[in-house]
Amino acid sequence: MSEAGTIFDKIISKEIPAEIVYEDDYVLGFKDINPQAPIHVLFIPKIRIATHNDIDVENLDYVGKIHLAVNNYAKQIGEDENGYRIVMNCNGNGQQTVFHIHMHFLAGRQLNWPPG
Ligand code: AMP
């Protein structure tokens, strides 16, 4: 895994702006700049984990915290019962473009499956 940071490090440190909708000690949630649904939020760990392949026993707690953050946020905005989709893209075939893991939270419309 490369040591170089990504734009998401600068969002965590507030060096560049983002529309932050959720924050706790482990996780930041902010609106995606290119939304694919009426509600499209990215949940990221406050440490850099480049890809899903880099999740291990040392950083696993952050992934659990992301899931809890999603649950809290979905409930807070009243979309928990309507439903939503969470997606984590990995590397080339997954079309990952930012190498700091992020969970896409998509909600607010009927989502298609399979995604294609
Ligand atoms: P992925 O293709 O899974 O790596 O998704 C990266 C996501 O980050 C895309 O949906 C982008 O629209 C989003 N993104 C990139 N830069 C920013 C930014 N500065 N603020 C918010 N979202 C961003």
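## The shell around the ligand

The model shown here is predicted.

Look next at single atoms. The side chain of Asp32 has an N or O atom 2.5 Å from an oxygen atom of the ligand. For Asn89, a polar side-chain atom lies 2.8 Å from a ligand oxygen. Thr97 uses its backbone instead: a polar backbone atom there is 2.7 Å from an oxygen atom of the ligand. A pair of N or O atoms counts as a polar contact within 3.5 Å.

How much of the ligand does the protein cover? On its own, the ligand has 500 Å² of accessible area, and the protein covers 84% of that.

## The pocket

Where does the ligand sit? The space it takes is the largest pocket.

## The chain as a whole

Now step back from the ligand. The protein chain has three helices and five strands. Along the sequence, they follow the pattern α-β-β-β-α-β-α-β.

How does the chain's radius of gyration fit that of a compact globule? The chain has 116 residues, so a compact globule would have a radius of gyration near 13 Å. The protein chain has 14 Å, which agrees. Along the principal axes, its C-alpha atoms fill a box of roughly 40 × 30 × 30 Å.

## Two backbone details

Two spots in the backbone deserve a look. One is Lys14, which is found in the loop between α1 and β1, the strand at residues 20-23. Lys14 has a positive phi of about 65°, although it is not a glycine.

The other spot involves Pro114, in the segment after β5, the strand at residues 103-107. Which form does the peptide bond from Trp113 to Pro114 take, cis or trans? This bond is cis, with omega near 5°.

Key:
Residues are numbered from 1 along each chain as its sequence is written. This is a predicted model: local features need pLDDT of at least 70, side-chain atom pairs count only at pLDDT 80 or more; totals for chains, interfaces and linings use all residues. Side-chain values use heavy atoms; hydrogens and water are left out. A polar contact is a pair of N or O atoms within 3.5 Å; within protein, one must be able to donate a hydrogen and the other to accept it, and residues adjacent in sequence count only if both atoms are side-chain atoms. Accessible areas come from the Shrake-Rupley method with a 1.4 Å probe; for residues, only the protein chains shown count as cover. On a 1 Å grid over the protein atoms alone, a cavity is a set of points where a 1.4 Å probe fits but cannot get out, and a pocket is an open set with protein on both sides within 12 Å along at least five of seven lines; lining residues have an atom within 4 Å of a point. A molecule sits in a cavity or pocket if more than half of its atoms lie within 2 Å of its grid points. Helices (H or I, at least four residues) and strands (E, at least two) are DSSP runs, numbered from the N terminus. The radius of gyration is taken over C-alpha atoms; the globule rule is 2.2 Å times the number of residues to the power 0.38.
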